Amino acid sequence: MNPDAIRVSGLSKKFTFPVKESSSNWIRNLLFPQTREITAVDAISFAVKPGERVAFIGPNGAGKSTTIKMLTGILFPTLGEIKVLELDPAKDRKKLAYKIGTVFGQRSQLLPNLPLTDSLEFFGVMYDLPNRDIRNRIRELTDLFQLHAFVDQPVRKLSLGQRMRAEVAAALMHKPEIIFLDEPTIGLDVVAKKSLRDLLLTINKEESTTIFLTSHDVGDIESLCTRTIVINHGKIIKDLPTRELARTFVYEKYIDLIPEKSFEHFPDLPEGIRYLTQNKNKITVVVDNNTIGLQESLKKLLDLFEVEDIDVYSADLEAVIRHIYEKVPHERTPTRK
Amino acid sequence: MKELRLANKIVTTQIKDRIHYPGRLVADTLANIGRCGILLLLYWYVFNLREGTIQNTTFLLVAWSMFFYFAFSVLRLRDIGKTIMEDVRSGTVEILLNKPISYILYRAWWQLGGGLYSFLVIGIIGTILLTTLIGIPDTMMNLTFALSLAAVFILGIVLSLILYSIVGMLAFWIEEIRPIFWMVDKSVMILGGSYLPIALFPDIMYKLAIWSPFGASQFVTHTMYPSWTREWYSFVGIQLFWIAILGMFTYFLFQKAKQKLSVNGG
């Protein structure tokens, strides 16, 4: 049986930083500064199988990037154990670097003034690939990522979409077993996003590359990842197949009511049902299934309105994630100190 | 072998990058010829006032000493401190920390590669100009000079990179390292003989220039003086001493710095 690609147990990261006390003078602040501790990641555990495509999501400041940085050996954990491809990232950083690739959406790793081929060659040498393999891999990636049109252009002249394709290609030069992507589609237009997602799916399929991704983009999660881990306030609050996200998190149904003629009155609704939109041609209501069942709510709505058509549907993934981000923090005890 | 291949790739990539911008090279050349040229004119005037000799030193020796300082400074090794500081402040350090490289060594080769092309061009132009205008001192016309110059030049590069890397790494602890950088940089400039040639230093400053790592990183400016052939091996020894001590310090400092790292978004 293949060992897990990533195994994390009881992982925590605390940051300590000095804070200025306004009541103290500057000498005291300099020599005996007060410090504050923040728990960015709080005793999380999970495992990822080789070839899996995992989305690691959460609101800003939830601990996503800190976790990725610990998994890649950039940050040292305060507590807990990490095994990535059976290596400890903190101790075997360089050895692990040969087996993983990283893309940070907001930082470029390419050489800005030189043509893209120079960056790809540069990474090839950095990963100690023989010259012939470098040439072959550049050819492969150029074909796969359709880099032909701009491979000879200086990187700083590329569009954002082209640059992100190039960033991912560079991260794949050494055929990593896992690729970590931190918001790879940030700032891209819909076409560029789709193109990048398709390429990542191809890489996952053809080279069995495990994908571990953080993103605020629902499309990334929906179209790329089969599994989603939700983190907030440093704790994992859910780890489930992506298709079950909506079912697990949303206790609400949406009902569209289309009138026979037109709606003239908008009466008060029973408890658990509220208007989302109300106009003469269409009413949309939200039903809270924790308060009222779907069947009962339909009966009550039909008593109140004369309708020609009814459409019942769940929230889309974007609404689900908004729901998670907005509601979950209030349901859990904050862990920040 | 892998390290050498990577070093070669970094240096050649940086040279290629610099060649793409000939304007920068022209500006560098003019700035250095201007700075060095003005100082040499002033010293030429002062030496003439004193009938060509001050403290048993001639203008010819002083001019070459100052030229060596300026040529060495064209390598811009000091900028490794600022680069590391920027890496830490901007978070770019995370891009390099997840590569199979030694971060400090990578930055050192990167810095060296960035300055090498300008150094070669400006060094050659300056040597031709100086040789044509004022000639070459006899002390520079022997094999010991050539070999020892190569040794202190290479060791000077290593020591400079270590010194400024230490300053840069302080950014892991201190948000604003510019004042520290300024102090170290001015110490190197003064004790290296950029303002006043080392032959004219008072005794205490001369001793500081020899025994401090700041002065030791600029021993190339000592190589044309007559005493050099008798003393060069002790100068090399001093450089090796500081490289060993500060090199170990750099290693331990970096191990601590990595654990201190805290970048945007974690």
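## Basis of the model

Residues are numbered from 1 along each chain as its sequence is written, while chains are lettered from A and ligands numbered from 1 in the order in which they are written. Since the model is predicted, local features need pLDDT of at least 70 and side-chain atom pairs count only at pLDDT 80 or more, whereas totals for chains, interfaces and linings use all residues.

## Domains of chain A

Chain A is assigned domain 1 (47-78 + 86-246) and domain 2 (252-314), with bounds that come from an automatic or database domain assignment. Between the C-alpha centres of domain 1 of chain A and domain 2 of chain A there are 44 Å.

## The sheet of chain A

In chain A, six strands make an open sheet with mixed pairing, in the order β5-β6-β7-β3-β8-β9. Strands are DSSP runs of E with at least two residues, helices are runs of H or I with at least four, and both are numbered from the N terminus; two strands pair if DSSP finds at least two bridges between them. At the edges stand β5 (100-104) and β9 (235-241) of chain A, each of which pairs on one side only, and from one strand to the next the twist averages 15 degrees.

Strand β3(A) is largely enclosed by the rest of the structure, because five of its five residues are buried, where buried means that 20 or more other C-beta atoms, placed from the backbone, lie within 10 Å of the residue's own. Both faces are covered, with R53(A), A55(A) and I57(A) on one side and V54(A) and F56(A) on the other. Strand β3(A) runs parallel to β7(A), to which three bridges join it, and parallel to β8(A), to which it is joined by four bridges. A55(A) takes part in both pairings, standing opposite L213(A) in β7(A) and having T228(A) as its bridge partner in β8(A).

Helix α2 (residues 64-71) of chain A lies across β3, β6, β7 and β8 of chain A, running at about 150 degrees to β6(A). Such angles run from 0 to 180 degrees between N-to-C directions, with axes fitted as lines to C-alpha atoms, for helices over the stretch in contact.

## The nonpolar cores

A nonpolar core is a set of buried Ala, Val, Leu, Ile, Met, Phe, Trp, Tyr and Cys residues joined through C-beta atoms within 7 Å. The largest has 135 residues, and among those with the most contacts inside it are V54(A), F212(A) and M66(B). Helix α3 (residues 59-73) of chain B gives the most to this core, with 11 residues. A second, separate core of five residues includes I255(A), L257(A), I273(A) and V287(A).

Leaving aside neighbours within four places in sequence, F212(A) is in contact (C-beta atoms, placed from the backbone, within 7 Å) with I6(A), V48(A), V54(A), F56(A), I178(A) and F180(A).

## Helix α11 of chain B and the chain contact

Helix α11 (residues 228-260) of chain B has 33 residues and should span 48 Å at 1.5 Å a residue, which agrees with the 44 Å between its end C-alpha atoms; the expected span is 1.5 Å times one less than the number of residues. Its buried residues include W232(B), F235(B) and W242(B), and what covers the buried residues of α11(B) includes α6 (103-134) and α7 (143-169) of chain B.

Where the chains meet, 23 residues of chain B are in contact with 26 residues of chain A. On the side of chain B that touches chain A, the largest share, seven residues, comes from α1(B).

Technical notes. Buried ≥ 20, exposed ≤ 12 C-beta atoms within 10 Å, placed from the backbone. Contact = placed C-beta atoms within 7 Å.
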